[in-house]
Amino acid sequence: MGHGIAQVSAMAGHDVRMRDIDEEIVDDGLASIEANLEGGIERGKVTEDEAEAAMARLDGTTSLEEAVTGADLVVEAVPEDMEIKHDTVTEVESHVGRDTVIASNTSSLSLTEIASALDHPERSVGLHFFNPVHIMGLVEIVVPEQASGGTVERAHEFVEGIDKTPVEVTDSPGFASSRLGVALGVEAMRMVEEGVASPADIDAAMELGYNHPMGPIELGDVVGLDVRLDILEYLREELGERFKPPQVLKRKVRAGKLGKKSGEGFYVWEDGEIVGTSGDWGDE
């Protein structure tokens, strides 16, 4: 998610510094952005001049202080773990100015709880991007209890300025998008578990019958089955048993079958494309 957020920000004219804990990860992020832009050129979506200008606005570092010093907006996209979120935003705040907005890209964690780690929680807001960031047009602006009106206004200005459509929601478990999306995804997994239909047929039903661009099983593979499991466990704790993770999902994650990023989830993936179906459901 981080490199996608960096890409759309640079393409909108912002100077961007990407930071990760390892230099190789930073380099991979920059390479992914370059590959995305090259693909955009091939499809006629991006000109060579636009791609070159975007890359020129991007820089990478492993130093958090170097990355955030002087920034107007910081967007953290660290793993979905509250302790890591708290440590990150606290360190960010120690290096930025009083007017810097500190945003969190989280799909389910409480923004109010994340903001509570800050000395000035009124500067905190949620910017929930969708994957792949450079293609998906939606950003969910999640408003914690402590956020000031000025912070929320600046969040809207930023989202609109990178040519995305904002939807504003109050901080609640799963927000709007994750809560609805996960509910559909978990029911689709239960249908697979019960032998109602194959993953491919369930996905086709939603794509062709409801005009979804991607079916719920494939989407789970793309997002990451470990991420789906974490969200479900959190929502179950907050909202009840209707979000209980199905056993088939737990087995996949325990086996390291996390979806597209690991090469296998409910589907088998090669070079970012589905080449078959995992388990007992036959091939595509």
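Student: What do the buried residues of α11 pack against?

Tutor: They pack against α8, α10 and α12. Packing rests on contact, meaning heavy atoms within 4.5 Å. This is a predicted model, where local features need pLDDT of at least 70, side-chain atom pairs count only at pLDDT 80 or more, and totals for chains, interfaces and linings use all residues. Residues are numbered from 1 along each chain as its sequence is written, and side-chain values use heavy atoms, leaving out hydrogens and water.

Student: Which residues of α11 are buried?

Tutor: Leu225, Arg228, Leu229, Ile231, Leu232, Tyr234 and Leu235 are. Buried means under 20% relative accessible area; exposed means over 50%; partly exposed is in between (1.4 Å probe, protein chains only).

Student: What makes a set of residues a nonpolar core?

Tutor: Its members are buried Ala, Val, Leu, Ile, Met, Phe, Trp, Tyr and Cys residues, joined through side-chain atoms within 4.5 Å. The largest one here has 37 residues. Val68, Val92, Met189, Ile217 and Phe266 have the most contacts inside it. α11 gives the most to this core: six residues. Another core, of 17 residues, lies apart from it and includes Val8, Val125, Val133 and Ile162.

Student: Which residues does Val68 touch, not counting those up to four places away in sequence?

Tutor: Arg17, Val74, Val92, His95 and Val96.

Student: Why is the pair Glu76 and Lys85 called a salt bridge?

Tutor: The term needs a side-chain nitrogen of Lys or Arg within 4 Å of a carboxyl oxygen of Asp or Glu. For Glu76 and Lys85 the N to O distance is 3.0 Å, so the pair qualifies. Lys85 also meets Glu80, at 3.4 Å.

Student: Is Lys85 buried or exposed?

Tutor: Buried, because its relative accessible area is 0%. Glu76 is buried too, at 5%. Glu80, at 25%, counts as partly exposed.

Student: How many salt bridges does the structure hold?

Tutor: Eight. One of them joins Glu241 and Arg236, with the closest N and O atoms 2.9 Å apart. Glu241 is partly exposed at 49%, and Arg236 is partly exposed at 29%.

Student: Which feature does UniProt place at residues 174–269?

Tutor: The unreviewed entry gives "domain: 3-hydroxyacyl-CoA dehydrogenase C-terminal". UniProt positions follow the numbering used here, feature names are shortened, and annotations may be inferred rather than shown by experiment. In the model, residues 174–269 are 61% helix and 3% strand. The end C-alpha atoms of that span are 28 Å apart.

Conventions: Helices (H or I, at least four residues) and strands (E, at least two) are DSSP runs, numbered from the N terminus.
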